[in-house]
Amino acid sequence: FVPTLFVDGVPLPPFPGLQINLQRIDKFQARSDDIWIVNWPKSGTHWMWEVVMMLSSGRAKLRDSVKVGAMFPEACTLQAAEKMTSPRVLDTHVPLKLFPKAALKSKIIYTVRNPKDACVSFYHHQKGMSMYRLDNVSWEGTLELMINGKAYYGNWFDHVEEWLKVLENNPNALIVTYEDMKMDLKKQVRRVAEFLGYKRSEKFYDDVAKLCSFGNMKKEKRDIKSAWSKESTGIYRKGTVGDWKNYFTMAQNEKFNEMYTRRMKDINLDLKFEL
Ligand code: A3P
């Protein structure tokens, strides 16, 4: 039982209001100070969201719940988005063709993670989330879905390629990799702040980086217990680079690398993933 919603050929998770939001996507009213966090799932959305919320509010404090604020068009309704106070921080995993056109002029932070690690993280997400009821989900099956573009939100390569085409050389867009955040979080926090036009003190950047360390977020952020199976570690699972090595067989790795080389050859981006 894999509950999937297909929109324009893209497999999407069955969020209750998603289809209605997509039907009315042109009604989305963008604001000049909106900030979007966009990515393929499991690429550090919650992490970037905390960073951006602290930078935009000027308060170095973790938000209470594990929830990411306004996931549009997936979970947040048009009306709820309209009621949000500015600057709005919105996030989505949808491919470019399902994104509100009016929002393409807003500030967009696109986070990219090594697809192998994103896939491992996705596997645990599918296995652990109660709503999917995928107790029998296997690693092999998840990787197949990923390779065939049948995982939620479709093919990772299409997602990255289409988004990067409109975002590269766009002064309103910033590309941040999960791996760079892991390597030097304070540096990336400062970079995001500069991109958003916020000038905060070095102490502030230090505080944000400390609060947003994996250990601190795992300790402080409350996962919604009912959303996850008992065995699951929830959103804050491992938070490392290279966990894929514990999952990919040699054959799976070769197959994936062959596809990566073929699909990424036209993508002009310095992604320092270990493949
Ligand atoms: P893992 O499953 O590999 O641990 P998203 O927020 O897009 O759903 O991504 C979730 C992934 O980001 C999970 O990866 C989670 O552990 C990781 N993550 C969340 N907060 C993090 C942090 N502060 N530092 C590093 N990784 C973090």
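A polar contact is a pair of N or O atoms within 3.5 Å. Keep that cut-off in mind as you look at this predicted model. In tyrosine 178, a polar side-chain atom sits 2.7 Å from a nitrogen atom of the ligand, so this pair falls within the 3.5 Å limit.

How much of the ligand does the protein bury? On its own the ligand exposes 560 Å², and 98% of that is buried by the protein.

Threonine 45 has an N or O side-chain atom 2.5 Å from one, while lysine 42 places a polar side-chain atom 2.9 Å from an oxygen atom.

## The shell around the ligand

There are 18 residues around the ligand, and Thr45, His46, Ser121, Tyr178 and Gly239 come nearest. By type, the shell holds seven nonpolar, seven polar and four charged residues.

Which helices supply at least two residues of this shell? They are helix H2 (45-57) and helix H10 (214-220). H2 gives the most, with three residues.

## A covered strand

Now find strand E7, which spans residues 173-177. Five of its five residues are buried, leaving the strand mostly covered. In a regular strand, side chains alternate between the two faces of the sheet. Here Ala173, Ile175 and Thr177 point one way, Leu174 and Val176 point the other way, and all are buried.

Strand E6 (residues 107-112) runs parallel to E7, and five bridges join the two. Look for tyrosine 110, which stands opposite isoleucine 175 of E7.

Notes. Residues are numbered from 1 along each chain as its sequence is written. This is a predicted model: local features need pLDDT of at least 70, side-chain atom pairs count only at pLDDT 80 or more; totals for chains, interfaces and linings use all residues. Side-chain values use heavy atoms; hydrogens and water are left out. Buried means under 20% relative accessible area, exposed over 50%, partly exposed in between (1.4 Å probe, protein chains only). Helices (H or I, at least four residues) and strands (E, at least two) are DSSP runs, numbered from the N terminus. Two strands pair if DSSP finds at least two bridges between them. A residue is near a molecule or strand if one of its heavy atoms lies within 4 Å of it. A polar contact is a pair of N or O atoms within 3.5 Å; within protein, one must be able to donate a hydrogen and the other to accept it, and residues adjacent in sequence count only if both atoms are side-chain atoms. Accessible areas come from the Shrake-Rupley method with a 1.4 Å probe; for residues, only the protein chains shown count as cover. Ala, Val, Leu, Ile, Met, Phe, Trp, Tyr, Cys and Pro count as nonpolar, Asp, Glu, Lys and Arg as charged, and the others, Gly among them, as polar.
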